[in-house]
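I opened this structure for the first time today and kept notes as I went. The entries below follow the order in which I looked things up.

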Amino acid sequence: MIVSCGTVTALVAWCFWRVLRLPSPRPELHAPLDIETREKP
Amino acid sequence: MKRGYARRREGWGSRLGVILAVAGSAVGLGNFLRFPGLAAEYGGGAFMIPYFVSILLIGIPICWCEWTIGRYGGVRGYNSAPGIFRALVPVRGSGYIGVLALIIPVVIYMYYVYVEAWCLAYAWFYLTGALDLGRDPTQYAAFFESFVGVHADGVTTSGGLQPAVIFLIVVFALNFALIYRGLSAGIERFCTIAMPALILIAFVVLARVLTLGTPDPAFPERNLLNGLGFMWNPKIPEGGTLLGVLANPEIWLQAAGQVFFSLSVGFGVVLTYASYLRERDDIVLSGLTASATNEFCEVVLGGLITVPAAFIFLGPDPIQQVAGSSIGLGFYTLPVIFEYLPVGALFGFLWFLLLFLAAVTSSLSMLQPAIAFLEEGFDLGRRAAVTILGLVTATGSLFVVYFSKDLTALDVLDFWVGQVLIFTLATVTVIVFGWVVGIDRGLAEAHRGAEMRIPRVFRYVIKYVCPVYLLTIFAGFLYRNAPAYLAKIAEQPSATATVLFLAVVAIFFGLAVREAMRRWDAAEAGTRSRRAHG
C-alpha cells in the first residue's frame with residue numbers, strides 16, 4: 001500500500017510541480033487561419 | 001496541408017485547464033468502484049504489480065500517441081477524428097478510422113449519462129433523507145432494482161415520469177448546457193472547478209474512513225488496519241509464492257483491462273481534446289500529468305476508501321460478492337456503510353456527489369468529438385451541432401432506459417462499444433503511430449514544444465510491446481467474454497434490438513463521415529485550383 005500510494009502520489013506531485021512552475025504561454029496571435037473570413041471555396 | 005477554408009477555431013484557456021479536462025475525462029466511476037473491488041479480488045497488493053506494468057506498457061504510451069496525433073491534426077485545421085486521421089495518413093479513406101472515435105464516445109454517452117443520473121439521484125435522496133432503508137444490503141438492492149426498472153422493460157417509461165427519468169432529463173440538460181457554452185467556457189471552466197471539488201470531497205470521505213478505528217467492539221477483527229490489509233496485502237495462497245500468483249494470466253488480463261479503461265485510452269476523446277492545442281504546446285508532460293492525476297484518484301483515493309470502509313462495517317463476504325461490479329459495490333453495499341456512520345446521510349450525499357462530479361467530467365468529454373465533427377464536417381454552428389447531437393443521444397438514452405430489464409441494453413452497449421470497440425481503436429491508434437506514421441516521426445512530433453523527453457525505451461514499447469500486449473489482452477478478453485455476449489444476441493430480443501440499434505448508429509456516422517470527407521476533398525481541390533490560377 002505504501003509503495004503503490006507513495007509512487008502515485010510522488011508522480012502526481014512531481015508532474016504538477018513541473019506544470020505549475022512553467023511560465024504562462026504568450027497570448028495567441030491570430031493567424032489568418034483563425035479568422036472567420038466567410039469565404040467559401 | 002492546411003484546410004481549404006477557415007473557420008474560427010476554439011482553444012483551451014490554460015495549460016492546467018486542458019490537463020484537468022483530460023484527467024476529468026478519465027476519472028469516472030471505475031476509479032472509485034471498479035478498481036478497488038477488482039484489486040481486492042485479484043490478489044490485493046499482488047494485483048498492483050501487473051497493474052503498474054500495464055500503466056507503463058500500454059497506459060501512458062497510448063496516451064502520448066493520442067495526444068500527439070490529436071495535436072498534429074488540430075494544427076492542420078481538424079478537431080474531429082475523421083479529419084485528424086485523414087490529415088495524418090495521406091491515403092484515400094483513412095478518415096474512416098475516425099468513425100470509431102465518433103461512435104465510441106457518443107454511444108457510451110447514451111448509457112453513461114443514465115448511470116450519472118443514478119448518482120445525482122442518490123445524492124439527492126441522501127440530502128432529503130429519502131434513502132433510509134436500514135442495514136440490510138438486500139433492501140438497497142431491491143430499491144435500486146425498482147428505481148432503474150431491472151425487472152421488466154419499459155417500467156421507467158410508463159405511468160408518468162418516473163424519478164430515474166426525471167434525473168436523467170436534469171443530467172442531460174446540464175451536460176448539453178455546458179457543452180453549448182463551448183470548449184473553454186463550458187468544459188474547461190467546469191472541469192477546473194469540478195476536479196478540485198471532487199478531490200476535496202474524496203479527501204473528506206477518506207479522512208472519515210481513516211479515523212474509523214474499530215467501530216463495533218463485537219467484531220474486533222473488523223478494524224481499519226485489517227480493512228487496509230484486506231485491500232492491499234498480497235493474497236498468496238498457503239504454500240504458494242508471489243511468483244505463483246503472478247503466473248496466473250487472469251490477474252494480468254484484469255489489471256491491463258482496468259488500466260486501459262480507466263485512462264480512457266481508445267475513446268477518441270484525447271484525440272479531440274489535444275487537437276485544440278497549439279503547435280508548440282507541450283503534450284508530453286501534460287499527458288503524463290493527466291494520467292498521473294487519474295492514477296492518484298484511482299489508487300490513492302479509490303483504493304483507500306471503498307473496500308476498507310466496507311470491510312470495517314460488513315466484513316469480507318459482502319465485498320467478495322460484489323467484487324468487480326461497480327453497481328453492486330456502489331449502489332448495494334456502500335449505502336449500508338452510511339447507515340452505520342454517524343451523520344451517514346451527509347457522507348452518503350458527499351460520496352454520491354463525488355461520483356456524480358466524476359461522471360459529469362467524463363460525459364462532457366464524450367460529446368465534444370461529435371460536436372467538433374458536425375461543426376467542421378458540415379460547417380454547422382454550435383447551436384445546430386448541439387441540437388443534432390442532442391436528438392441522437394436522447395434517442396439512444398431512451399432506448400437504454402426502455403430496455404431496462406436486467407439492464408440488457410446498457411450491458412450489451414457497454415460490451416460491444418465500451419470494451420470491444422475501445423480495444424480496437426486503441427490498437428489501431430498505436431499501430432498507426434508506431435508503424436504508419438513511423439516511430440521516429442511520431443516521437444519527433446511529440447517532442448515539439450515538449451517540457452520533458454519521452455524516455456528512449458518507449459520507442460520500442462510503442463512500436464513493439466504495446467501492439468503485442470494489446471492484441472494479447474484483446475484476444476484473451478474476447479475468448480473469455482465474446483461467446484456469452486454472442487449467445488445473448490441470439491437468445492434475448494432486447495439484446496438483438498440493441499445490436500441493431502448500434503448498427504444504425506454506425507451506419508449514420510459512416511455516411512456522415514463519407515459526406516464530410518467529400519466536402520473536405522472539394523474544399524481542398526478548390527483551394528488548389530485558386531492557387532494554380534493565381
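Predicted model: local features only at pLDDT ≥ 70, side-chain atom pairs only at ≥ 80, totals over all residues.

Residues are numbered from 1 along each chain as its sequence is written, and chains are lettered from A and ligands numbered from 1 in the order in which they are written.

Entry on B:F509. I looked up this residue and found it in helix α20 of chain B, where helices (H or I, at least four residues) and strands (E, at least two) are DSSP runs, numbered from the N terminus. Setting aside neighbours within four places in sequence, I found B:F509 in contact with B:V99, B:L102 and B:I103. I then checked B:L100, which is 409 residues from B:F509 in sequence, yet the C-alpha atoms of the two are 8.9 Å apart in space. Is B:F509 buried or exposed? It counts as buried because it has 23 C-beta neighbours inside 10 Å; the cut-offs are 20 or more other C-beta atoms within 10 Å for buried, 12 or fewer for exposed, and in between for partly exposed, with C-beta atoms placed from the backbone.

Entry on the core. I followed B:I103 next and, not counting residues up to four places away in sequence, saw that it touches B:V417, B:L421, B:V505, B:A506 and B:F509. Which residues touch the most other members of the largest nonpolar core? They are B:I103 and B:I104, in a core of 197 residues, a nonpolar core being a set of buried Ala, Val, Leu, Ile, Met, Phe, Trp, Tyr and Cys residues joined through C-beta atoms within 7 Å. Helix α5 (residues 97-128) of chain B gives the largest share of this core, 26 residues.

Entry on a helix pair. I looked at helix α16 (residues 344-378) and helix α20 (residues 493-532), both of chain B, which pack at an angle of about 40° with their axes 9 Å apart; axes are lines fitted to C-alpha atoms, for helices over the stretch in contact, and angles run from 0 to 180 degrees between N-to-C directions. I therefore wrote down α16(B) as oblique to α20(B), given that angles under 35 degrees count as roughly parallel, over 145 as roughly antiparallel, 65 to 115 as roughly perpendicular and the rest as oblique. At this packing, B:F373, B:G377 and B:F378 of α16(B) meet B:A512, B:A516 and B:R519 of α20(B).

Entry on two positive phi values. I found that B:D379, in the loop between α16 and α17 (382-402) of chain B, has a phi near 55°, a positive value in a residue other than glycine. B:D379 is partly exposed, with 14 other C-beta atoms within 10 Å. I also found B:S264 in the loop between α11 (249-262) and α12 (269-275) of chain B, with a positive phi near 60°, again in a residue other than glycine. B:S264 is buried, with 29 other C-beta atoms within 10 Å.

Terms used:
Contact = placed C-beta atoms within 7 Å.
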